[in-house]
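Let's take a walk through this structure together, one stop at a time. Have the viewer open and follow along as we go.

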Amino acid sequence: MRPLRNPVIQATLAWILAQWMRFCFATIRWTHRNEAAAEKVWADGGGVLCAFWHSRIGLSPACWPLDRAQSPKALISLSPDGQFIARAVARLGFPAIRGSSSNKDKADRAKGGSQALRDGLRQLKGGGGLAITPDGPRGPMREMAEGLPLLAKLSKDPVLLIGLSCNPAIRLNSWDRAVLPLPFGRGAIVWDVDRFPEGAELADVARDWAARLTAVEAAADALVGLERI
């Protein structure tokens, strides 16, 4: 049996990961770029989509101040690895909506995509935040599926494109070369904001937002000196 399929092992590792992330976030010296754009979205209230590339899931809770931003949920895949991540981020205040915003690898019904779309829209309509990794759960790396633009089009809510980085960091040998924080280093969070343009095509918006999301991530890496991969 794979370790992450064992619920006891999964719960234990998720607790350890959550505690490690909390400790690292508290000791990292954070730099913020264009935070005013995010602060305005939080102050305005209402639904908001937030997106970061899959490799930065391990840093993502650091970008969302639970005391003043919308109450968040995270769209996380139905895979066993997704369940592990869901347990960890839930301990940091980000309960999960299970499903996928991608449609490249599996039938929509098999991944719970339709239900995830409905649940995500319900979260946004209620004035909450919805976090999405638009190249997840299996990539290709930094290629955006149309789920995020579709949610933005249907909800008419703003989208925060968020670049996160830290140095030093652990690089996993995963498809996305995931970044996990180490304590007492430097961290950076860079924001961009947009809404779905009226009359635009989903594919065109996905390409534009993918480029902008990569740009803010690259800016965050540059601020802390993390090598781009």
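**A guided walk through the model**

Leucine 13 sits in helix α1, which covers residues 7-27. Please keep in mind that this is a predicted model. With a relative accessibility of 36%, leucine 13 counts as partly exposed. Together with Ile9, Trp15 and Ile16, Leu13 makes a nonpolar surface patch of about 350 Å².

Next, turn to the charged side chains. Side chains of opposite charge can pair when their charged atoms come close. Across the whole structure, a search finds 14 salt bridges. One of them joins the side chains of lysine 40 and aspartate 44, with an N to O distance of 2.8 Å. Both residues belong to helix α2 (residues 35-44), where they are four residues apart, about one turn of the helix. Are these two partners buried or exposed? Lysine 40 is exposed, with a relative accessible area of 53%, and aspartate 44, at 53% relative accessibility, is exposed as well.

Now look at a salt bridge between the side chains of aspartate 221 and arginine 56, at 2.9 Å from N to O. Aspartate 221 is in helix α7 (residues 202-224) and arginine 56 is in the loop between β2 and β3, so this pair ties together parts that are 165 residues apart in sequence. Aspartate 221 is buried, at 1% relative accessibility, and arginine 56 is buried too, with a relative accessible area of 1%.

Glutamate 217 is buried, with a relative accessible area of 1%, and arginine 142 counts as buried at 18%. Through shared partners, salt bridges join Arg56, Arg142, Glu217, Asp221 and Arg228 into one network.

After α6 comes lysine 156, which has a positive phi, near 65 degrees.

Let's return to the loop between β2 (48-51) and β3 (72-76), where glutamine 70 is found. Glutamine 70 counts as buried, with 6% relative accessibility. A polar atom of its side chain lies 2.8 Å from the backbone oxygen of glycine 46. Leaving aside residues up to four places away in sequence, glutamine 70 touches Val41, Trp42, Gly45, Gly46, Val48, Trp64, Gly127, Gly128 and Gly129.

One last stop concerns the cysteines. How many disulfides are there? The count comes to zero. Take cysteine 50, which is buried with a relative accessible area of 4%, and cysteine 63, which is buried at 3% relative accessibility. For cysteine 50, the closest cysteine sulfur is that of cysteine 63, 5.9 Å away, which is too far for a bond. A disulfide would need the two sulfur atoms to be within 2.5 Å.

Note on methods: Residues numbered from 1 in each chain as written. Predicted model: local features only at pLDDT ≥ 70, side-chain atom pairs only at ≥ 80, totals over all residues. Heavy atoms only, no water. Helix = DSSP H or I, 4+ residues; strand = E, 2+ residues; numbered from the N terminus. Buried < 20%, exposed > 50% of the residue type's maximum accessible area, 1.4 Å probe, protein only. Polar contact = N/O pair within 3.5 Å; in protein donor to acceptor, adjacent residues only side chain to side chain. Contact = heavy atoms within 4.5 Å. Patch = residues over 30% accessible without salt bridge, like charges linked within 9 Å, V, L, I, M, F, W, Y side chains within 5 Å. Areas by Shrake-Rupley, 256 points an atom, 1.4 Å probe, with all protein chains shown as cover. Salt bridge = Lys/Arg side-chain N within 4 Å of Asp/Glu carboxyl O.
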